[in-house]
Amino acid sequence: MTRILKIATTITATTLLLGCGSDSDSIIDELNANRAKWESANIENYQFEQQVSCFCVDETTLPRLVLVENKQVYSQTIIDENVALPLDDANTESIDSLFERIALEESRADSLSVEYEAELGYPTKIDVDINQQTADDEYTIYVSNVVRANDVACTATIEKGLLLSVTDQATQLPVACGVTATAIEDGFSETIVNNDAMCEDSDSIAMLDERAGFYTLSVQKQGYQDFQMENLGIGRDLCHVLTRELNVELIPE
């Protein structure tokens, strides 16, 4: 089970399930009322921040930006370093899917507490203990900073998907001049030969203008072993790519 953070602000309802009966009815009532708010807003394209607190690997619990298009998750990017993750790597969910998760946990969890945003009704916190007799199966999903595409005025700037710095592994000194860097995804390929007369070794190599995706990156320089990295993820938000900074250490031959 994938988990997800960020503290939410405007909250209108909190409910707790401890077994069945009236508490369960209350959770379903709150769920239906808030889902109706969300659906009446007819929001198909949006982004939000999501994080999970759980007994999971670190990558699973890192705060991420989730981009949704046509009500389907389009991309997910770890906020800290703008590292895009393949959708298969973590079961990040749209707001609509989170409502389904609440309904599922209402039917099976020993304990369920949900908080909702007041105006649009989306869940801001889903706190679950599947089995109170089982250790480490608890998780909490936090949702915040929901932004609708219609509420954003995108700039006309062109953002770089990748800023690549290159250092010598042995000396830790920058050695970007003379580097050839190539990024390949499916039928797309971009190659930068960094041999400009004004080149400085400490300069970053800028690539992938407004191109989100998952790339095979190769870096070559005379006197060094070739470097290659698979699945270099470049994410995006509602307007632009999220620039990822990457340092590559080349090994001298």
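Q: What makes the link of C154 and C239 left-handed or right-handed?
A: Look at the angle about the S-S bond. This is a predicted model, and the angle comes to -135 degrees for another pair, C54 and C56. For C154 and C239 it is -75 degrees, and the link is left-handed.

Q: How do you know that C154 and C239 form a disulfide?
A: Check the sulfur atoms. They are 1.9 Å apart. The cut-off is within 2.5 Å, so the pair counts as a disulfide.

Q: Which parts of the chain does this pair link?
A: Distant ones. C154 sits in the loop between β8 (138–148) and β9 (160–168). C239 sits in the loop between β14 (227–234) and β15 (244–250). The two cysteines are 85 residues apart.

Q: Why is C154 called partly exposed?
A: Its relative accessibility is 44%. Buried means under 20% and exposed means over 50%. The value falls in between, so C154 is partly exposed.

Q: What about C239: why does it count as partly exposed?
A: C239 has 25% relative accessibility.

Q: Is C54 buried or exposed, and why?
A: C54 has 17% relative accessibility. This is under 20%, so C54 counts as buried.

Q: Why is C56 called partly exposed?
A: The relative accessible area of C56 is 26%.

Q: What makes C177 and C199 a disulfide?
A: The sulfur atoms are 2.1 Å apart. The limit is 2.5 Å, so C177 and C199 qualify. Both cysteines are buried.

Q: Why is the disulfide of C177 and C199 called left-handed?
A: The torsion about its S-S bond is about -110 degrees, so the disulfide is left-handed. C177 lies in the loop between β9 and β10 (179–185). C199 lies in the loop between β11 (188–194) and β12 (205–209). The pair therefore ties together parts 22 residues apart in sequence.

Q: How many disulfides does the whole structure hold, and what is their pattern?
A: The search finds three. Counting bonded cysteines along the chain, the pattern is 1-2, 3-6, 4-5.

Key. Residues are numbered from 1 along each chain as its sequence is written. This is a predicted model: local features need pLDDT of at least 70, side-chain atom pairs count only at pLDDT 80 or more; totals for chains, interfaces and linings use all residues. Side-chain values use heavy atoms; hydrogens and water are left out. Buried means under 20% relative accessible area, exposed over 50%, partly exposed in between (1.4 Å probe, protein chains only). Helices (H or I, at least four residues) and strands (E, at least two) are DSSP runs, numbered from the N terminus.
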